[in-house]
Amino acid sequence: MQKEAILDLLNEMTIEEKIGQLVQLSGVFYLDDSEITGPLASYELTNENKYSVGSIIGVTTAENALKIQTEYLEQSRLRIPLLFMADIIHGVNTIYPVPIAMACSFNPKLIKEMATFSGVEAANTGVHVTFSPMADLARDARWGRNMETNGEDPYLNKILAENYVKGYQGSSLSPNSNLISCVKHFAGYGLVESGREYNYVDVSERVLHEFHYPAYQEAIKAGARMVMSSFNTINSIPVTVNQKIIKGDLRSNLNFKGVVISDWSAITEAIHHKLATDSKDCARLACEATIDIDMMSMAYQDNLVELVKSGEICEQQINQMVLRILHLKNDYGLFENPFKNLKGVKKHAVKSPDIIENTKKVAAESAILLKNNDSVLPLKTKFAIYGKFTETTDYFGPWSWQGDLKIVKSIKAVFSNNNDVIHVPYQGMNFDLQDFDSVETVVLFIGENAHESGEAKSKTNINLSKEEEEIIKTLKSSGKKVIAVIFSGRPLAITNVVQYLDAIIYAWFLGTSTAIVLHDIITGKINPSAKLAMSLPRTVGQCPIYYNNYATGRPKAAAIDSYVSKYIDCSNQPLYSFGHGLTYSNMKIKKVEITKSTYNLGEDIELRVWIQNPSEYAGMEVIQVYVNDLVASVIRPNKELKAFEKVYLNAGETKAFIINISAKELGYINENLEFSTDLGEFKIMVGLNSEELLINKIKVGD
Ligand code: GLC
């Protein structure tokens, strides 16, 4: 529809029809075979309610989407099509590794590819909008939703968030886009106090702007047309009713012109936060904050017409909200083609061989080799496999949209094709050591079950189970080489067992291709290349912990001193830090050349990094460039990732790679919330992780 015609459509709409566009309901209310249970059963919906809403959440098949859209349009006076929305966060039917695992690939191109394929599957199952990427920064392993994030670093987060959006929507939203990206949760959700889900958040405005907003900003610049508000508070006001954060920071500072949707029932949660007395109050507050769509709280459905008629909310405000939604539907081509791909559903596009192959490619770059003593991996001799994850196919993690388990092979099934492998049936600690007599090496597949992470799954104990710690120690003390493949949706504290393990692969949850990828890594067909996107703490007592921390006024120097920033019972350092990950190539940085030592703000700092691959394994490495501003107007992290590049080297190859950083990019958000770059000295640190770094000093000056 021509943009001008949108205004004509708005002018034809009654106030009831306008309010309907601001309401989102679950698809379960539209399907006869749905079993409506739990909180949903309390909703009392009339047919008028159902057939006036603007969008539906959670429809899972093309057939159901087609049925609902058809019936809706038959009953819609103005035939404004529904938008169908869902949480496609790492695939639809063919499941990719959980987002935190994919972030460990440090491969933006791969993320964009994944999002493109996910968009194809989504479009063929009737979904128009995905609530992804989750751009929340994650630094506390106790929080369950780390698995949905891009980890602890703001630079990596923003680069990946941008590529998610470009993969879903293409270069910009158009009728050819498969999916509309709704970036979430704006903002600061990962800062929940004590890592406890939905808890209080306290954060300075400056830290929000410097560490938390950049990823949303990049997603918006990449064209994301929706943003979801977060459950948490900022400045002691729930974000969903917080004018300063939504109307101020998101819409005017970050220049977001699109549609803001609340999280599930978040609008009426203002009552529980004690910011509102009833749903009418909630509706007014959320509307004034410019939340356009009310996801499942019914506050808008039940109160906005009255609020407009009483003059408490002006109709012009409603018109602006409705126009944002109508333009979104129009730009996505929904008026011309309400059924998008549904009529000619391309069956081949779902669970197709090329998508399955792509999940394997992404999984291969998402599992991290944390430890490999004496290059025990890859295994070339007979070995045993044991553990609860060998006999299941539950490798999707806690939230995989419609992951099809029928196309997943178990680790037992895949490894059993290898004559060098014996599978010992899992019996917890009740195994007989004799079962392992014929091998020197045991590979354990252990860790957190999928339901132990995800939304509302915060934990205070992030160790492996006692039983699995015992299994490791028992096998090691029997003289075996013990290798652990650890599944998890969060960083676990594996300190109790790390010295008993000859090698460790951190697998997170790798999705559909888990078994074949782990087999190929363990046997050397795949050379691992992933790096931690989130540090592994030594103990939960260190949480939140992250690599880009501060010197403090009493830095813990090498010399022993009691009055410094430290613990008396634990190191300050994580067990494995952000950026850590081994390969079979054991590549080294031979040297770093820097063209000069002084730069003005308009110049690029050019680094020439020589990498040597001394091994017989071709493979990839991630060159990481960190900076430290030696004197600034606000405290600066000891190191900040400012560039990274994933590079490939053949066996035995030595090669130079050029990395450029704009001198301006060494800046930060100052105390006046302005981006500024100090003139002065900086450390430029280059490494293949965030701890072993070659350091150069440069000066930025006129
Ligand atoms: C959930 C999550 C959000 C999700 C929404 C819809 O509560 O917080 O990430 O997109 O509801 O499922």
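## Strand β3 and its neighbours

Strand β3 runs parallel to strand β4 (residues 129-130), the two being joined by 2 bridges; strands count as paired if DSSP finds at least two bridges between them. Across this pairing, M85 stands opposite V129 in β4. The model is predicted, with pLDDT of at least 70 needed for local features and 80 or more for side-chain atom pairs, while totals for chains, interfaces and linings use all residues. Residues are numbered from 1 along each chain as its sequence is written, and side-chain values use heavy atoms, without hydrogens and water.

Strand β2 (residues 55-57) also pairs with β3 in the parallel sense, over 3 bridges, and S55 has L83 as its bridge partner. Helices (H or I, at least four residues) and strands (E, at least two) are DSSP runs, numbered from the N terminus.

In β3 (residues 83-86), L83 and M85 point one way and F84 and A86 the other, and all are buried (under 20% relative accessible area, with exposed over 50% and partly exposed in between; 1.4 Å probe, protein chains only). In a regular strand, side chains alternate between the two faces of the sheet.

## Helix α14

The end C-alpha atoms of α14 (residues 353-364) are 17 Å apart, which agrees with the 16 Å that its 12 residues should span at 1.5 Å a residue; the expected span is 1.5 Å times one less than the number of residues. Its buried residues include I355, N358 and V362.

## Cysteines

The whole structure has 0 disulfides, a disulfide being a pair of cysteine sulfur atoms within 2.5 Å. For C104, the nearest cysteine sulfur is that of C543, 16 Å away. C104 is buried, at a relative accessible area of 0%.
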